[in-house]
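Colleague: I would like to learn how to read the contact between two chains in a model. Please show me the model and take me through it.

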Protein chains: 2
Amino acid sequence: MQTAVISSPFRLSTISTHSRIPSRNNASIRLPPIRMAHTETGPSVAVVGVTGAVGQEFLKVISDRNFPYRSIKMLASSRSAGKQLTFEDKEYVVEEMKDESFDGVDIALFSAGGGISKKMGPIAVEKGCIVVDNSSAFRMTEGVPLVIPEVNPEAMAHIKVGKRQGALIANPNCSTIICLMAVTPLHRHAKVKRMVVSTYQAASGAGAAAMEELELQTREVLAGKPPTCNIFSQQYAFNLFSHNAPVGENGYNEEEMKLVKETRKIWNCQEVQVTATCIRVPVMRAHAENVNLQFENPLDEDTARQILKEAAGIVVIDDRASNHFPTPLEVSSKDDVAVGRIRRDISLNGNYGLDIFVCGDQIRKGAALNAVQIAEKLL
Amino acid sequence: MQTAVISSPFRLSTISTHSRIPSRNNASIRLPPIRMAHTETGPSVAVVGVTGAVGQEFLKVISDRNFPYRSIKMLASSRSAGKQLTFEDKEYVVEEMKDESFDGVDIALFSAGGGISKKMGPIAVEKGCIVVDNSSAFRMTEGVPLVIPEVNPEAMAHIKVGKRQGALIANPNCSTIICLMAVTPLHRHAKVKRMVVSTYQAASGAGAAAMEELELQTREVLAGKPPTCNIFSQQYAFNLFSHNAPVGENGYNEEEMKLVKETRKIWNCQEVQVTATCIRVPVMRAHAENVNLQFENPLDEDTARQILKEAAGIVVIDDRASNHFPTPLEVSSKDDVAVGRIRRDISLNGNYGLDIFVCGDQIRKGAALNAVQIAEKLL
């Protein structure tokens, strides 16, 4: 056992029978772990929000990827302080995060909500720490790189551990990461003019408690009982609903506007037109997205499929004969984003449109993995 | 009790706590039933596939709407023949469908699969029966009206009971009906040029056995057991997947092509451009659809909302402040199609685009209700 063991609510999250995903670069086929703990040359790391769904996944990913660290601090709110956890055969006590927590810390991985990031992020930076922040607090702040390592690593090229110079780097929203992992290689080839995104989002995006509520509600509904609605205002089991983020004046909710704005920032392309509708579906931890693309230059579907097959972090699952395409279950706990249903959009003339269907693990590539990949680029 | 009582597998289908849908024209507020059975003036009716999910709903709708009938025959395959059922306080025995079954029948409501429709539909027509067919067998056949009564009743205006002249009328596919119920009023106002549809389809579209399998799988997964996969080739519980219809050469599956082709036929508009991606989600009996619309003429969102509020068979649920929009659960077993998330598409200039989110009961308006409404127009 090398992963963290706080009692995990994600019993369902790893159930994955009938998994037919081609293995590639995934945790399941990783090399035997080389222990990097206490490596003199590794950075000093802090995990902020370590008891949450993403916090726990930070630790798994650090372990899976043998991310080197000299020391690691487990930080959380006072509510979780004092809890014990085991990580890579070593016992840790969860500490309450304070200003001093960041003294001497090189890299802090934050996933404790936007409020905590806004308050503690700048304090950590002040102390020379590089903060990789999974919240939306700084994503659109000018000067803060918003990075998907496979897409725009250049945006953070000037930030390195060792300079002892604090900095903020923002992890994009999960829906944006999963979408752009698939769309960017096509965009580079044919330039996306307009993108219509419809999401099928998992419970995990609303945190571990939401996953627990989905499971609890499902048990209740199957038993003929009224469902417990604490996290969401309505029944989630055997149902779906418009994403619970607040709706703005233009009728788009904040989740949808993240897709619009973050895409422009990550691509450094203000002219790309995006519309999105974000829907929560009763799935545990992986998002699906249906993406309709209009291009400036022609791109036929065979070329698109080839481009995607060669893209880093992407696996193409597109078997029309056996009706095998990406599903959330197949990508759960996997690193790669899966793409399928790649086809010419018959509603447009010529090869100027494509429809694709994308699935990615929300906690992993949508959050923790992307953040740790950012941290790797800091070394 | 006035509805049919064959043992029903749809325990979940009617669970609808937190229902906030405005009541209008719905079964729940119907007038006390007036018994029309044995009415001399009513037509003689046959229900084909009476033991299936849609067959059972045919009976419910006939009862709910007080559809007049002189007699009613309960027809099914030899497998179901001999079963007893109670309908409007009268006992019936399910009969095996044979050629002679249609002797003297005025209206036959078919929902027993395309194969049965292809074989028995023409035989019934030959005997002077008007067949309202819920399968895809004749939908695209020239001369066969494809009808949503609120949309294109004129297509069947020449067909009436009393002439004793047989005819076929096709019920559109569930996804098409639900989509066009919402989109047609907008199309009439501003003419739809292009439509991008992403569906979130319920188990019921694959029949009663699929609904049972979703429930069974969910129980199994919650108990840590492998899921039973008889109807679908993969886990459906806590998962979603591309619609199981066969995929054609252009990469679209048959369900998607129905949306493309049926829209053109129903609107009598060959130039409308449609692309669709059809996805099954773990929901029992109501479909959701995200529809992105591009118009030839401008249509602002307030006008669109007003048009939809005034449209027959539509209920607008579009409360941005309280994040209350249509859900499959709220429309389950309801007649009206719900529309919300009505907003200007910010990816297009001016008022030439709208995004809307639509939910409708797949068994009711998506199948049985629409067919009975067609039958009403025959009288």
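Modeller: This is a predicted model. Start with the residues that take part: the contact draws 73 residues from chain B and 73 residues from chain A.

Colleague: How is the size of an interface often given?

Modeller: It is often stated as the accessible area lost when the parts come together. Here chain B and chain A bury about 5700 Å² between them, with 56% of that on carbon and sulfur atoms.

Colleague: How many salt bridges cross the interface of chain B and chain A?

Modeller: The rule finds six salt bridges there. B:R194 forms a salt bridge with A:D345, and their closest N and O atoms are 2.6 Å apart. On the side of chain B that touches chain A, the residues divide into 35 nonpolar, 25 polar and 13 charged. The rule also finds 43 residue pairs in polar contact across this interface, both residues at pLDDT 80 or more.

Colleague: Why do the copies meet through the same surface?

Modeller: Because 100% of the interface residues of chain B are also interface residues in chain A.

Methods. Residues numbered from 1 in each chain as written. Chains lettered and ligands numbered in written order. Predicted model: local features only at pLDDT ≥ 70, side-chain atom pairs only at ≥ 80, totals over all residues. Heavy atoms only, no water. Contact = heavy atoms within 4.5 Å. Buried area = accessible area lost by both parts, 1.4 Å probe. Salt bridge = Lys/Arg side-chain N within 4 Å of Asp/Glu carboxyl O. Polar contact = N/O pair within 3.5 Å; in protein donor to acceptor, adjacent residues only side chain to side chain. Nonpolar A, V, L, I, M, F, W, Y, C, P; charged D, E, K, R; others polar.
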